[in-house]
Structure formats: structure tokens, C-alpha cells
Amino acid sequence: GADSRRDAPPIPEVFAERYRAAGYWRGETFGGMLRERADAHPARVAITDGDRNWTYGELDVRADQLAAGFIARGITKGDRVVVQLPNVAEFFEVIFALFRIGALPVFALPAHRETEIHYFCEFTEAVAYVIPDRVGGFDHRDLASKIRAEVPTLRDVFVVGGDPGEHTALADLPSEPVEIDGPAPSDLAFLQLSGGSTGVPKLIPRTHDDYMYSLWGSNQICGVTEDSVFLVALPAAHNFPLSSPGSLGLFYAGGRVVMCPQPDPDTAFPLIERERVTITGLVPPLALVWTDAGRTTPYDISSLDVLLVGGAKFSESAARRVAPALGCTLQQVFGMAEGLVNYTRLDDPAETIVTTQGRPISPDDEIRIVDDLDQDVPDGEAGHLLTRGPYTIRGYWRAPEHNARSFTADGFYRTGDIVRRTPTGHLVVEGRAKDQINRGGEKIAPEEVENIILAHPHVHDVSVVAVPDEYLGERTLAYVILRADAEPLKPVVIKKFVRERGLAAYKVPDRVEFVTAFPQTGIGKISKKDQRTTAAAPGA
Ligand code: J2J
């Protein structure tokens with residue numbers, strides 16, 4: 001139901017008061033923020049997408065008109081709407097319209113397919129799903145038809161651009177502005193996706209107050225002003241390009257956002273030249289590609305001041321090459337959609353920039369580094385990172401059992417990252433304790449992939465693990481034990497099976513090996529399958 005306190009454990013009032021008193025929570029909403037910027041500088045360009053330039057005034061009007069259209073279709077405050085769009089200007093029109101209403105965008109990624117989308121729609125009881133028509137040969141309208149037939153709450157599918165098919169074109173919605181009783185700053189603004197370490201992704205409830213603080217805090221640290229131009233090279237809905245400082249940070253500052261359809265240098269460098277891009281963010285594998293291409297590019301990318309790199313560990317050797325090759329300052333960022341974001345500072349010594357993953361945005365980000373028993377480790381030693389603060393959630397959305405494991409009793413989030421802290425307070429990511437694979441910044445929950453493979457009739461058991469990879473950091477390997485009576489299979493059969501079940505392509509195992517026992521489990525250890533069976537048993 002609508003009881004948001006039950007859906008999403010709030011930051012307790014004593015902390016909320018402190019965060020307001022400290023000036024972190026300024027009582028702003030996204031809808032109100034856009035209106036203020038539009039009032040202050042209506043003619044300034046907010047978004048460049050190809051040949052289209054939307055001013056702040058235009059974005060503001062579009063958000064109001066679309067909000068009216070959504071309201072006419074019955075979308076109200078607190079409703080969930082799954083948004084899955086590529087890097088197009090309409091992404092912002094849609095989310096600001098929803099922000100104005102107080103309806104919650106659920107940020108799906110373009111790569112997500114039937115398994116993920118079905119889950120998001122069903123679990124959030126979404127009333128609508130916003131899609132493009134086709135992208136790269138994939139027809140999102142067909143998938144949406146299927147999901148709509150399966151999920152009873154899903155009333156509407158809205159299509160951006162092109163031919164809506166049996167659905168509704170976004171452009172055809174009524175647009176006569178209406179009075180809107182919008183959300184409060186302490187209300188939820190959206191549901192972001194967790195990288196995940198369990199069978200299904202967890203949803204992250206963020207409020208206007210808390211997220212807005214992470215934006216202006218980031219802007220100060222990343223030097224973002226109204227003169228900044230940010231290139232959205234990674235998928236726009238991901239937390240990193242959205243908020244660190246990201247597109248929303250740029251809007252907060254009154255700067256300009258440039259949509260980049262693909263993150264490769266051949267697409268991005270000409271855009272940087274043409275639009276005089278000053279700042280962007282990349283995951284490490286892309287940063288490597290840009291660094292290689294930057295040395296010899298014919299394009300003038302000299303406007304680029306800051307390159308943020310994060311999402312996965314950036315090796316020191318790669319980090320050293322960035323500034324010379326691209327002529328900009330490297331800023332490492334170690335963040336998470338659950339909240340805490342760390343940045344190296346632009347004026348940090350060069351050694352700090354290449355050897356650490358930065359320090360928190362806020363003086364009130366509480367950091368604990370602990371051993372397996374939650375005892376603080378001695379200064380400078382590696383341990384589990386726990387955190388609590390003005391923009392870190394106190395629990396996932398509708399996940400009380402999981403929350404009991406992922407948060408301490410006093411509200412610290414268990415990041416699952418192993419870090420150590422330098423004397424300057426910078427964090428160095430040393431490893432990971434959570435069951436998650438980080439494939440070049442794309443997070444994979446082994447359990448989610450294993451559950452799909454287990455559904456194959458010839459498979460007895462499976463274990464998905466990370467293998468080190470020079471380019472991506474990690475790739476995935478599925479060890480598969482076939483049933484005793486099964487004919488031998490080719491690895492490609494398993495990959496195809498996963499793909500056909502409708503899982504994002506990045507989760508399809510890079511390698512499949514057939515084994516008779518799991519190499520990494522010692523004698524006497526229970527198999528993953530047994531553990532799953534036990535966990536699923538009633539009363540377990
Ligand atoms: C090592 N591991 C890192 C880094 C994230 C900014 C930047 C990134 C994200 C993000 C984000 C890392 N070195 N520099 O939301 O706002 C791993 C950690 C972390 C997890 C979070 C942002 N930067 N990681 O990547 O929610 O394991 O957010 O806990 O996708 O990515 O993943 P995600």
C-alpha cells in the first residue's frame with residue numbers, strides 16, 4: 001500500500017533534524033528545482049541531443065505538459081513507473097514529469113530484458129512502463145506487450161518516438177497543464193537499482209532531500225558550475241551518470257547536459273569537440289579505450305577538464321595514463337546507488353588521485369571499517385566498509401528480511417566492499433566480500449544467473465564465479481554440472497538458454513565449463529544448490 005515508512009525504512013528523525021540543521025537537506029524537490037532554474041534562466045540550454053537543444057524553459061514546460069498527460073492516464077503520487085530509455089532528451093522530460101507528480105520512476109537499464117523488466121513491474125506493482133520503440137534491432141514494444149499481459153497492475157505502456165504500435169505514443173498524451181499537489185522534499189523521489197548479490201535485484205528508495213544533497217555536494221567537489229557541459233556517455237539511468245555529479249547535478253548547477261548515444265570514442269570525441277564538453281564520467285574499461293584513442297585523435301577534446309572514473313577499481317597504471325593522454329584531470333569516484341559517494345579532490349596530490357578511490361562527499365558521512373565480527377580494525381588496515389550518512393539509505397524498498405542482513409542494528413549499510421583508509425581519509429578499495437561480480441562496472445549477482453541456468457532440464461547444478469580479466473577487471477565463468485543421464489552439451493547451448501530466458505546480455509556467462517564437481521568448494525562443503533534448497537525451505 002501507500003505506507004511509505006513500511007516500504008522504505010526512513011532516516012530516523014533525530015538524524016533528519018541534524019541533516020537539516022547542517023544545511024544538507026534544503027527542502028527542495030526535483031520538480032521545484034527545475035522550475036526555479038527555468039524561472040532564473042529560461043533561455044539557457046539544459047539538454048543537447050543531436051540537433052535538438054532544449055532550454056530550461058522548454059524542459060520545464062514539457063515536464064508540466066507530460067505530467068498533465070500522465071495524470072490524465074491515472075498516474076498519481078506514490079505510483080511506480082518503470083522507465084527504460086536510451087540516452088535521449090525525453091528521458092529527462094519523463095522523469096521530471098514523474099517527479100512533479102510525485103510518482104516514482106523505477107530506473108531500468110537499456111540492457112534489461114524480460115526477466116528483469118517483468119520483475120521490476122511485478123514487484124513494484126508498476127502502473128506504467130516507458131520505452132523506446134526499437135533499439136539496435138530489439139523491439140521494446142513486443143516485450144512490453146508481453147509484460148503487460150502478465151502484470152495486472154500495468155495499465156499503460158508509453159512509447160518515446162517512432163511508432164507506438166499497440167501502445168500509447170508519449171507525444172499523443174493530453175498536454176493541458178493541471179494543478180498538481182506535488183511531493184514533499186522528504187518523500188521518495190525514485191527507486192534506483194542495486195547492483196545486487198541475491199536472486200533478484202533490490203530496489204533503492206531515494207528521497208528528494210537526500211539525493212539533492214548528493215548532487216550539490218558533488219558539484220562543489222567536481223567543480224561543476226553553470227558553465228559546465230556534461231556528456232552523458234554511460235546509460236543515463238545509472239546512478240553514476242545521473243548523480244556523480246551527473247546530469248541531475250548539472251541541472252542543479254544550471255549547466256548543460258549533452259546526450260551521447262554510445263560511449264565509444266568515435267561517437268563521443270566529435271561530440272566533445274562540437275559541444276565543448278567539460279566533464280564526463282566513465283567506467284574503467286571505457287576510460288582505457290578513451291586513453292588509447294586520446295593520444296592520436298584528430299578531434300579537439302581540449303575542452304574536457306575533468307574525467308571521472310568509477311564503478312569498478314581503476315588500476316593505478318591505467319589511472320596514471322589518463323591526464324597525459326586526454327589533457328584533463330582524473331577524478332576517481334567510488335560510489336554506490338545506496339548512497340555513499342567518494343571522490344578524489346581536484347586539488348589532491350597526483351599520487352593520491354592515481355592510488356586512491358577518494359573520500360566521502362560529506363563531513364557527516366560516517367565510515368566504519370570492521371572485521372568479520374563488526375569490530376573496528378586498526379587504522380590503515382583493510383576491512384568491511386560500513387557507512388551511514390545524509391544521503392545513504394537505511395533499507396531497501398519492501399525487503400525487511402534482506403535489510404536485517406544488509407544493515408546493522410544502528411543503521412549502517414554493509415557495502416560488501418573491502419577497503420582501507422589512508423591517513424588523509426581517502427579510501428582504497430581492496431576487494432569485495434559480497435557475492436557479486438563487477439564486470440567492468442556492470443554488476444552481476446551470480447545467484448540470479450545461476451537460478452536461470454538451473455532451470456535448464458539437463459543441468460544438475462551450477463556455480464557462477466568471477467575470473468580476472470585485463471580489460472574488464474572481471475568476467476564471468478559458469479561451472480555447470482550436468483545431470484548423470486544428460487547428453488554432453490556445448491557451452492553455447494547454456495549461453496543461448498540464458499539469453500532466451502530474457503536476461504540482460506552482460507549477465508550471459510562469458511565462459512561455460514562443464515565439470516563433475518565444483519573446483520572451488522572443498523570436501524565437506526555444501527553445494528550452492530543445497531544451500532539454495534535449504535534457504536528456500538519453510539522455516540529456514
Ligand atoms: C572499486 N569499486 C567500485 C571504484 C563503485 C558513482 C560511481 C559509481 C557508482 C556505482 C555510483 C568503485 N572502485 N571506484 O553509484 O554514484 C563498486 C563497489 C560499490 C559498487 C556500487 C556512483 N565504484 N565500485 O558503481 O550501485 O563494489 O554504483 O559497492 O552500480 O560498485 O555499484 P553501483
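Helix axes are lines fitted to C-alpha atoms over the stretch in contact, and the angles between them run from 0 to 180 degrees between N-to-C directions. The structure discussed here is a predicted model.

**Confidence**

The protein has an average pLDDT of 95, and 96% of its residues reach a score of at least 70. For the complex, the predictor reports an ipTM of 1.00 and a pTM of 0.96. Where pLDDT is low, the predicted coordinates should not be read in detail.

**Helix packing**

| Helix pair | Residues | Crossing angle | Axis separation |
|---|---|---|---|
| H3 and H4 | 30-40 and 56-72 | roughly 140° | within 8 Å |
| H8 and H10 | 208-222 and 246-253 | about 80° | 9 Å |

The angle between H3 and H4 is roughly 140°; the two helices are therefore oblique to each other. The crossing of H3 past H4 is left-handed. On the H3 side the contact is formed by Leu34, Arg35, Arg37 and Ala38, and on the H4 side by Tyr56, Gly57, Leu59, Asp60 and Ala63. Sorted by class, this contact comprises five nonpolar, one polar and three charged residues.

For H8 and H10 the angle is about 80°, and these helices are therefore roughly perpendicular to each other. Here Leu215, Trp216, Ser218 and Asn219 of H8 meet Leu248, Gly249, Tyr252 and Ala253 of H10. The contact of H8 with H10 contains five nonpolar and three polar residues, with no charged residue.

**Surroundings of the ligand**

The ligand is surrounded by 23 residues, of which Asn239, Gly310, Gly335, Met336 and Ala337 are the closest. By class, the shell consists of eleven polar, eight nonpolar and four charged residues. At least two shell residues come from each of helix H9 (239-243), strand S16 (329-336), strand S21 (413-421) and strand S22 (427-432). Strand S16 makes the greatest contribution to the shell, with five residues.

**Backbone details**

Ser244 and Pro245 are joined by a cis peptide bond, with omega at about -20°. Pro245 belongs to the loop between H9 and H10.

Glu125 has a positive phi, near 55°, although the residue is not glycine. Glu125 is placed in the loop between helix H6 (114-124) and strand S5 (128-132).

Key
Residues are numbered from 1 along each chain as its sequence is written. This is a predicted model: local features need pLDDT of at least 70, side-chain atom pairs count only at pLDDT 80 or more; totals for chains, interfaces and linings use all residues. Helices (H or I, at least four residues) and strands (E, at least two) are DSSP runs, numbered from the N terminus. Angles under 35 degrees count as roughly parallel, over 145 as roughly antiparallel, 65 to 115 as roughly perpendicular and the rest as oblique. A crossing is left-handed if the near helix is turned anticlockwise from the far one by less than a right angle, and right-handed if clockwise. Two residues are in contact if their C-beta atoms, placed from the backbone, lie within 7 Å. Ala, Val, Leu, Ile, Met, Phe, Trp, Tyr, Cys and Pro count as nonpolar, Asp, Glu, Lys and Arg as charged, and the others, Gly among them, as polar. A residue is near a molecule or strand if its C-beta atom, placed from the backbone, lies within 6 Å of it. pLDDT is the predictor's confidence in each residue, from 0 to 100.
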